[in-house]
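Dear colleague,

I am passing the structure below on to you, together with some notes on its side-chain contacts. Please read the notes with the structure open beside them.

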Amino acid sequence: MEKQLHLNLLASRPPMAGGFQSGSKMKMGPGRKRDFTPLPWSQYFETMEDVEVENENGKDIFRIYCSGSHGPVLLLLHGGGHSALSWAVFTAVICSRINCRVVAMDLRAHGDTKVKNPEDLSADTMAKDIGKVVESLYGENPPPIVIIGHSMGGAIAVHTATANHIPSLLGLCVIDVVEGTAMDALNSMQNFLRSRPKTFKSLENAIEWSVKSGQIRNIESARVSMGGQVKKCEETTSGPGVSNSIGEGIIEEEEDEEAEEESNKKRMKEDDQEMKKESIFTWRVELSKTEKYWEGWFRGLSALFLTCPVPKLLLLAGVDRLDKDLTIGQMQGKFQMQVLPQCGHAVHEDAPEKVADALATFMVRHKFTEFKDGYLC
């Protein structure tokens with residue numbers, strides 16, 4: 001059986017061929033309708049701000065979302081194609097567990113971050129971005145920081161840690177990214193990207209697709225995070241009957257123009273009006289164009305991870321993720337590992353409470369922080 005792309009750049013599992021897939025958790029009782037309306041970031045984070053960073057070409061502006069007022073900083077790095085909003089539900093949970101501060105940032109060319117050179121997604125450049133944002137936020141004396149990254153963000157977290165861009169680094173947590181299986185998955189990545197819908201009729205449709213395709217299995221997280229994956233098209237170039245587009249929960253197909261021509265004209269007029277009222281949405285990041293950087297994110301990652309001199313936590317959706325280097329390292333006690341079954345690749349979105357519990361236990365065990373008063377672990 002061919003391996004699923006559980007370590008792809010999208011922080012997602014690919015949909016099954018032919019459209020939506022529905023697991024047992026996706027089934028609803030008769031007459032019940034799930035709510036796919038978007039949720040605001042402010043329901044999960046306390047503040048949002050833009051951080052200016054100087055570079056050779058001028059200023060880059062990084063969007064960050066924050067919560068908490070004391071304790072170590074959890075610096076959260078999202079997967080490819082996603083945004084800081086993928087950490088929204090997790091943030092609310094972890095802040096209820098331990099004393100900590102959260103800083104979730106939109107990486108270069110993702111979310112609402114604006115950089116002068118968005119085409120440069122090399123591991124080196126992205127790792128330097130992390131260091132510059134930390135310096136801009138905290139100056140020369142940053143607080144203790146635990147860097148936590150998922151998928152592509154996990155790889156960038158490792159590169160950031162090994163390059164010593166964060167001098168106050170306390171610990172490192174990598175979520176569901178392992179060099180061996182990530183490199184294997186890259187061969188099928190372009191096919192997966194081509195299989196995705198190119199546009200959605202609305203943000204609600206995008207949220208619905210993300211849940212029904214299995215990309216995000218937690219509907220609450222999908223409702224807050226999908227807004228960071230898609231954006232309104234600047235120009236509406238598509239119309240009714242466009243293929244590879246998602247609308248009203250189904251994949252649209254071109255209809256027979258000869259059948260009920262008058263009815264079709266009326267429907268097309270109504271759809272045109274609906275298009276103007278309900279803008280077309282498309283992906284914020286064209287991941288297919290970032291292919292030249294994929295290998296640089298993941299090659300040599302296991303060795304780099306093992307050489308990081310701080311306490312390390314590896315969270316996986318399945319034990320099959322481990323490659324040889326990590327298996328040996330885990331047996332030698334070089335890092336702590338926990339497997340969270342029944343999750344998709346977007347572990348922190350699918351099971352935010354389990355991830356928060358694992359991270360909280362890891363941090364308290366290493367005396368990085370303490371559980372909040374009244375919280376029973």
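With which residue does Lys-59 form a salt bridge, and how far apart are the closest N and O atoms? The partner is Glu-52, and the closest N and O atoms are 3.1 Å apart, where a salt bridge is taken as a side-chain nitrogen of Lys or Arg within 4 Å of a carboxyl oxygen of Asp or Glu. Lys-59 is partly exposed at 42% relative accessibility, and Glu-52 is partly exposed at 45% (buried means under 20% relative accessible area, exposed over 50%, partly exposed in between, with a 1.4 Å probe and protein chains only).

Before going further, please note that this is a predicted model, in which local features need pLDDT of at least 70 and side-chain atom pairs count only at pLDDT 80 or more, while totals for chains, interfaces and linings use all residues. Residues are numbered from 1 along each chain as its sequence is written, and side-chain values use heavy atoms, with hydrogens and water left out.

The structure holds 13 salt bridges. One of them pairs Asp-112 with Arg-284, with 3.3 Å between the closest N and O atoms; this pair links distant parts of the chain, 172 residues apart, since Asp-112 is in the loop between β4 (101-105) and α2 (123-138) and Arg-284 is in the loop between β11 (281-283) and α9 (291-298). Helices (H or I, at least four residues) and strands (E, at least two) are DSSP runs, numbered from the N terminus. Another salt bridge joins Arg-299 and Glu-295 at 2.6 Å, N to O. Through shared partners, salt bridges also join Asp-50, Arg-63, Asp-112 and Arg-284 into one network.

As for the rings, the whole structure has 9 aromatic pairs (rings of Phe, Tyr and Trp, its six-membered ring, with centres within 6.5 Å; planes under 30 degrees apart count as stacked, over 60 as edge-to-face and the rest as tilted). Among them, Phe-200 and Trp-283 are edge-to-face, at 5.5 Å centre to centre and 80° between the planes; because Phe-200 lies in strand β7 (residues 199-200) and Trp-283 in strand β11, the pair ties together parts 83 residues apart in sequence. Phe-200 is buried, at 0% relative accessible area, and Trp-283 is buried at 9%. Arg-196 lies over the face of Trp-283, 3.8 Å from the ring centre (for a charge over a ring, NZ of Lys or CZ of Arg must be within 6 Å of the ring centre and within 35 degrees of the ring normal).
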